[in-house]
Amino acid sequence: MSKLFRDIEGGTRCPRGSVVCIGAFDGLHRGHRALVGHAVERAQALQVPAIALSFEPLPRELFARGAPPPRLLSPRAKAEGLCDLGIDQVGLLRFRKRMASMSAEDFVSEVLVRLLQAREVWVGPGFQFGKNRGGDLDLLQQMGKQAGPGFTAGAIEPVTLDGERVSSTRIREALQAGDFATATRLLGRPYAISGRVVRGAQLGRTLGYPTANIRFGGKTPALSGIYATWVHGVGEEPIASVSSLGTRPTVNGTEPLLEAHLFDFRGDLYGRRIKVEFVAKLRDEETFDDLPALTAQMHRDAEQARAILTPTPRATA
């Protein structure tokens, strides 16, 4: 992506200044969209680029390597989603030892002032940053007044639903409980996973259920099990499907894999980017005694998914 940058070295990226919003942006839920939308609006008013700053890996992933927290979006999907919301440049800064040890003051001077020439900085409620989370909105505002031509900083009001703040944590909890209605309300759209179709072991084809497979690149998915799904990106209309998301214990799998079986479809999807929209959970992932038992359950799963999806086809995600 030409709009994406990963490092902070080099000269300024925004000689005319910029409006910057900062966050994890995992999920791009209603709260994230409010923050991004406000930054884009302010950038348009000032006629400068709108910049979204995040980190990859997310700080909590670096500090919890043994049990990385689940992710709602892949880095690519996050960057593409931010651009779709009107962001001009996306900074997915490499969160390694150097960045993790950078003080909040140095982050302001090196990234916001020197690299981005920020004129305004916008964050979410309770925002903290820098080594040991030593920086907050007060520090941003103090340093903004002291810096070069200076910048202003502010936080948007929290976005709430059912009396609680919209958060990625609430969405993960809803997905893990199979509550897709709540997840959809929090996100502002149905939950979906996007990725490029890769070649698998082709066991599904052998069992009569060929699948389009998406890997997670070392990230931990936010849900697991068997689902009724829609697959977008194959034709003009989404295709009904049944999908498995997990490690495939029956065949001794270890890596999380999303396998989508598209109903009544024949074709080669290898290399194509698709989006799998989750509609309903059918069951948890199980270990079967043998492949015939697995195949019999796959038949039941397919029938159940067809019954769920047939009455209410979707046109868009």
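Which residues of helix 6 (residues 137-146) are buried? The legends below start there. This is a predicted model, so local features need pLDDT of at least 70 and side-chain atom pairs count only at pLDDT 80 or more, while totals for chains, interfaces and linings use all residues. Residues are numbered from 1 along each chain as its sequence is written, and side-chain values use heavy atoms, with hydrogens and water left out.

**View 1. Helix 6 and its buried side.** L139, L140, M143 and G144 are the buried residues of helix 6. Here buried means under 20% relative accessible area, exposed means over 50%, and partly exposed is in between (1.4 Å probe, protein chains only). Helices (H or I, at least four residues) and strands (E, at least two) are DSSP runs, numbered from the N terminus. Looking down the axis of helix 6, you'd find its buried residues within an arc of 130 degrees, so they line one face of the helix. That arc is taken from the directions from the helix axis to the C-beta atoms. K145 and Q146 are exposed, and they sit on the face turned away from the buried side. The cover over the buried residues includes helix 5, strand 5, strand 6, strand 7 (135-136) and strand 8 (152-155); contact means heavy atoms within 4.5 Å.

**View 2. The two ends of helix 6.** At the start of helix 6, a side-chain oxygen of D136 comes to within 3.2 Å of the backbone nitrogen of D138. After helix 6 comes G148, with a positive phi near 20 degrees.

**View 3. Helix 8 and what it packs against.** In helix 8 (residues 180-187), the buried residues are F180, A183, L186 and L187. They take up an arc of only 120 degrees around the axis, which puts them on the same side of helix 8. Their packing partners are helix 1, strand 9 (160-161), helix 7, strand 13 (225-232) and strand 16. G188 follows helix 8, and its phi is positive, near 90 degrees.

**View 4. E120, a buried residue in strand 5.** You'll find E120 in strand 5. With a relative accessible area of 8%, E120 is buried. Its side chain and that of R42 are joined by a polar contact of 2.5 Å. A polar contact is a pair of N or O atoms within 3.5 Å; within protein, one must be able to donate a hydrogen and the other to accept it, and residues adjacent in sequence count only if both atoms are side-chain atoms. Leaving aside residues up to four places away in sequence, E120 touches S18, V19, V20, R42, L46, F151 and T152.

View 5. E56 belongs to strand 3 and counts as buried because its relative accessibility is 5%. The side chains of E56 and K219 make a polar contact (3.4 Å). Setting aside residues up to four places away in sequence, E56 has several neighbours, among them R6, R71, R94 and K219. A cis peptide bond links E56 to P57, with omega about 0 degrees. P57 itself is in the loop between strand 3 (50-56) and helix 2 (59-62). Most peptide bonds are trans, and most residues other than glycine have a negative phi.

**View 6. Two loop residues with positive phi.** Q117 isn't a glycine, yet its phi is positive, about 50 degrees. Q117 sits in the loop between helix 5 (104-115) and strand 5 (118-123), and at 30% relative accessibility it counts as partly exposed. D264 isn't a glycine either, and its phi is positive at about 55 degrees. The loop between strand 15 (257-262) and strand 16 (273-283) holds D264, which counts as exposed at 72% relative accessibility.

**View 7. The largest pocket and its lining.** The largest pocket has a volume of about 1100 Å³. Its lining has 40 residues, with G23, A24, F127, Q128 and R133 nearest the centre. By type, the lining divides into 20 nonpolar, 13 polar and seven charged residues. Ala, Val, Leu, Ile, Met, Phe, Trp, Tyr, Cys and Pro count as nonpolar, Asp, Glu, Lys and Arg as charged, and the others, Gly among them, as polar. On a 1 Å grid over the protein atoms alone, a pocket is an open set of points where a 1.4 Å probe fits, with protein on both sides within 12 Å along at least five of seven lines; lining residues have an atom within 4 Å of a point. Grid points are joined across faces, edges and corners, and the volume is the space filled by probe spheres set on the points.
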